[in-house]
Amino acid sequence: MIDRSQLMRGTLEGCIVKIISEEETYGYEIVSRLQGYGFIDAKEGTIYPLLVRLEKKGIISSVYKESPLGPKRKYYFTTKSGEEYLKQFVSVWNDVKSSVDRVFEGE
């Protein structure tokens with residue numbers, strides 16, 4: 001049986017950076033957007049460690065801001081390194097996608 005989480009693990013970081021690059025956002029919203037895109041296995045317990053790792057690498061940064069609905073939220077935004085990371089991710093993803101498509105289409 002295919003382990004979906006193993007297959008998706010490598011792509012989640014790039015998807016998270018893409019979502020954050022579109023607008024400053026917080027963890028729960030990132031999880032909700034990922035689930036809306038079909039990452040049904042994306043849970044807060046999966047996403048928060050990735051956010052910590054991306055922040056340690058300097059790809060994203062964060063700041064606490066007031067929330068209209070309760071306690072302060074940690075909002076994430078991409079750094080200059082994050083913009084470069086995203087460009088590289090898209091390039092590598094397109095190469096991998098193209099190769100996989102060729103295999104399954106029998107080219």
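Which residue forms a salt bridge with Lys97, and how far apart are the closest N and O atoms?

Author: The model is a predicted one. In it, Lys97 pairs with Asp101, and the closest N and O atoms of this salt bridge are 3.1 Å apart. Both residues belong to helix 4 (residues 80–105), where they are four residues apart, about one turn of the helix. Lys97 counts as partly exposed, at 41% relative accessibility. Asp101 is also partly exposed, with a value of 28%. Elsewhere, salt bridges with shared partners connect Lys18, Glu22, Glu23 and Arg33 in one network.

The structure has nine salt bridges. One of them joins the side chains of Lys57 and Glu13, at 3.8 Å from N to O. This pair links distant parts of the chain: Lys57 is in the loop between helix 3 (44–56) and strand 2 (60–67), Glu13 is in helix 1 (residues 4–22), and 44 residues separate them. Glu13 has a relative accessible area of 9%, so it counts as buried, the limit being under 20%. Another salt bridge is formed by Glu66 and Lys72, with 3.9 Å between the closest N and O atoms. Here Glu66 is exposed, at 56% relative accessible area, and Lys72 is exposed too, at 52%. As a general point, side chains of opposite charge can pair when their charged atoms come close.

Tyr85 and Phe89 are both buried. Ring pairs join these two residues and Trp93 into a cluster.

The count of aromatic pairs is three. Among them is the edge-to-face pair of Tyr26 and Tyr75, with 5.4 Å from centre to centre and 75° between the planes. This pair links distant parts of the chain, with Tyr26 in strand 1 (residues 25–26) and Tyr75 in strand 3 (residues 70–78), 49 residues apart. Both tyrosines are buried.

Each of these two rings also has a charged side chain over its face. Lys65 lies over Tyr75, at 5.7 Å from the ring centre. Arg73 lies over the face of Tyr26, where the distance to the ring centre is 4.0 Å.

Terms used:
Residues are numbered from 1 along each chain as its sequence is written. This is a predicted model: local features need pLDDT of at least 70, side-chain atom pairs count only at pLDDT 80 or more; totals for chains, interfaces and linings use all residues. Side-chain values use heavy atoms; hydrogens and water are left out. A salt bridge is a side-chain nitrogen of Lys or Arg within 4 Å of a carboxyl oxygen of Asp or Glu. Helices (H or I, at least four residues) and strands (E, at least two) are DSSP runs, numbered from the N terminus. Buried means under 20% relative accessible area, exposed over 50%, partly exposed in between (1.4 Å probe, protein chains only). Rings of Phe, Tyr and Trp (its six-membered ring) pair if their centres lie within 6.5 Å; planes under 30 degrees apart count as stacked, over 60 as edge-to-face and the rest as tilted. A charge sits over a ring if NZ of Lys or CZ of Arg is within 6 Å of the ring centre and within 35 degrees of the ring normal.
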